[in-house]
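Thanks for coming, everyone. Please have a look at it first.

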Amino acid sequence: MSPARSSIPALTPALAGALIRSIPEGILVVDAAGRVVFCNQGAEGITGWADGSACGEALERVLPLVGGGSFLDRSGPNGSLSSLDVVRRDGQALTLAVSRTALDPRGGASARTVLVLRDVTESDAAQRLRSYFLANISHEFRTPLSALKASVELLLEDFEQFSPAETLALLKSVHFSVTGLQTLIDNLLESVSIEAGRFQIRRRPTDLNVLVQEAARVMKPLLERRSQELRLRLPEHLPRVSLDPMRLTQVLVNLLSNASKYSPMDRPIDLDLTLTQDGLKVAVSDRGQGIPEEERANIFRRFIRLDDAQRAQYGVGLGLALVKAIVEEHDGVVGLDARPGGGSIFWFRIPLQEELG
Ligand code: ADP
């Protein structure tokens with residue numbers, strides 16, 4: 001026996017067990033009746049079924065597919081690799097790369113199936129971001145740009161014939177399109193920097209009043225177009241605090257744009273800002289359709305759009321993911337509640353690190 005070979009330890013049961021435990025991929029073994037008989041730590045992390053609780057459970061319960069159906073049927077024949085969308089025990093949707101092998105290829109009642117699972121939700125989302133860029137970005141830019149071009153051309157050609165009111169209406173339309181484009185570009189740039197791991201907030205002393213007024217100013221053309229009143233409820237005295245004012249404005253604009261887009265015209269939108277011992281809490285309430293309870297855990301993920309929104313004219317499914325990323329960079333949390341009487345309340349809380357008086 002060569003020296004190199006003799007240095008490889010024999011695969012004792014203890015070593016095999018340690019090996020399987022240390023593998024970050026999920027390993028699940030399912031018996032012929034479709035029940036889980038083994039689940040390593042990786043699989044417990046992926047499925048959310050901890051401390052051996054998956055053992056004895058039907059695989060369909062441990063790894064329900066998004067949209068229903070049988071996991072084993074959809075994971076293809078033995079030896080195949082597939083990609084499946086599943087729901088974790090805590091309700092979060094995941095995309096898994098699944099490879100399937102038969103442990104006893106002779107089949108029968110003792111046949112077992114080994115499933116190796118890898119959580120590819122993030123890399124899948126990155127892939128979708130790239131595909132999205134290629135497939136849809138021109139449309140997202142072209143729509144406001146065409147409106148912009150039409151308004152500017154009208155102004156240039158017939159400027160002298162327009163009444164001041166008509167000129168103002170055209171300028172408002174220009175302003176509306178520019179605002180939409182700016183929000184889109186800001187969100188895309190931030191997403192790219194998060195993707196590249198370069199996302200960093202820049203804290204500086206910030207007057208919360210100025211921040212809210214800036215968000216309200218940016219939102220004005222969108223709200224005017226939909227005849228929605230923005231009702232601000234702020235404490236009389238707001239301290240200067242240390243946070244990233246540009247990013248926080250982006251958070252407010254994204255939440256307010258959604259409140260505007262996804263709720264009816266002529267209905268008010270409320271922005272409540274409160275200071276508590278835990279820090280700053282901001283809530284944006286709308287009177288729209290609300291978000292079904294089962295969607296709430298996922299709505300802050302990239303590219304998640306509800307069916308109704310798919311039909312809306314614009315939107316790429318990045319806004320809420322950015323809100324979450326920015327708030328979390330400030331050590332805060334985001335959340336969503338149903339508004340009593342209809343609609344949604346999107347909120348975030350940020351601890352105030354430094355109060356400058
Ligand atoms: P976008 O608006 O570009 O689609 P977002 O990430 O901002 O992306 O929102 C994701 C989805 O969440 C939207 O497509 C919509 O389905 C839903 N949504 C967001 N805000 C609201 C709201 N205030 N009311 C109802 N649905 C909302």
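Let's start with one residue. D270 is buried, at 3% relative accessibility. Buried means under 20% relative accessible area, exposed means over 50%, and partly exposed is in between, with a 1.4 Å probe and protein chains only.

Before going on, a word on the source. This is a predicted model, where local features need pLDDT of at least 70, side-chain atom pairs count only at pLDDT 80 or more, and totals for chains, interfaces and linings use all residues. Residues are numbered from 1 along each chain as its sequence is written, and side-chain values use heavy atoms, with hydrogens and water left out.

Back to D270. Which residue forms a salt bridge with D270 at 2.7 Å? R231 does, and that figure is the distance between the closest N and O atoms. By salt bridge I mean a side-chain nitrogen of Lys or Arg within 4 Å of a carboxyl oxygen of Asp or Glu. D270 lies in strand β9 (residues 269-276) and R231 in strand β7 (residues 230-233), so this pair ties together parts that are 39 residues apart in sequence. Helices here are DSSP runs of H or I with at least four residues, strands are runs of E with at least two, and both are numbered from the N terminus. R231 is partly exposed, at 30%.

D270 also forms a salt bridge with R233, at 3.8 Å from N to O. R233 sits in strand β7 and D270 in β9, so here the linked parts are 37 residues apart in sequence. R233 is partly exposed too, at 42%.

Now zoom out. R231, R233, D270, D272 and R287 are linked in a network of salt bridges. The structure holds 14 salt bridges.

Here is another one. K324 meets E328, with the closest N and O atoms 3.2 Å apart. Both lie in helix α11 (residues 319-329), four residues apart, about one turn of the helix. K324 is partly exposed at 29%. E328 is partly exposed at 40%.

Last topic: a sheet. Five strands form an open sheet in the order β2-β1-β5-β4-β3, with antiparallel pairing. Which strands are at the edges? They are β2 (36-39) and β3 (81-87), and each pairs on one side only. Pairing requires that DSSP finds at least two bridges between two strands. Strand β1 (residues 26-30) and strand β5 (residues 113-119) pair in the antiparallel sense over five bridges. There, V30 stands opposite T113 in β5.
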